[in-house]
Amino acid sequence: MKYEITTKQGKKYTVSVDSTWLWIEIERDLGYTITEAEEKLRAGSLDVLTCMLFKAAKGQGMTKLPSQQAWVTNEFEGFEVVEEVPKES
């Protein structure tokens, strides 16, 4: 799945959340398996959502901020889903 992030500074960039490492980091940081994290996302968890988006942005070099809190407080403005299923090659 891909998301377009909008920053408070007006910058836009797209991140993918299809990386296995991203989900390992979420499990390590939040303690949720991928199934539990997806359930929380469907239920509207902002913690899981912003953790996922921050880790994707950080992993893809789109932010240099050190933490989810710093990213949400100083950069993150909003997001939009731009691709729901990975493209088949």
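View 1. Ala-37, Lys-40 and Leu-41 of H2 meet Val-48, Leu-49 and Met-52 of H3; contact means heavy atoms within 4.5 Å. Of the residues in this contact, five are nonpolar, none is polar and one is charged. Here Ala, Val, Leu, Ile, Met, Phe, Trp, Tyr, Cys and Pro count as nonpolar, Asp, Glu, Lys and Arg as charged, and the others, Gly among them, as polar. Helices (H or I, at least four residues) and strands (E, at least two) are DSSP runs numbered from the N terminus.

**View 2. The crossing of H2 and H3.** The axes of H2 (residues 34–42) and H3 (residues 46–59) come within 8 Å and cross at roughly 115°. Axes are lines fitted to C-alpha atoms, for helices over the stretch in contact, and angles run from 0 to 180 degrees between N-to-C directions.

**View 3. The largest nonpolar core.** Such a core is a set of buried Ala, Val, Leu, Ile, Met, Phe, Trp, Tyr and Cys residues joined through side-chain atoms within 4.5 Å. Among its 21 residues, Ile-5, Val-15, Met-52, Leu-53 and Trp-71 touch the most other members. H3 gives the largest share, eight residues.

**View 4. Thr-7 in strand E1 (residues 2–7).** Thr-7 counts as buried because its relative accessibility is 6%; buried means under 20% relative accessible area (1.4 Å probe, protein chains only). Leaving out residues up to four places away in sequence, Thr-7 touches Tyr-13, Glu-75 and Glu-77.

Residues are numbered from 1 along each chain as its sequence is written, and side-chain values use heavy atoms, without hydrogens and water. In this predicted model, local features need pLDDT of at least 70 and side-chain atom pairs count only at pLDDT 80 or more, while totals for chains, interfaces and linings use all residues.

Technical notes:
Buried < 20%, exposed > 50% of the residue type's maximum accessible area, 1.4 Å probe, protein only.
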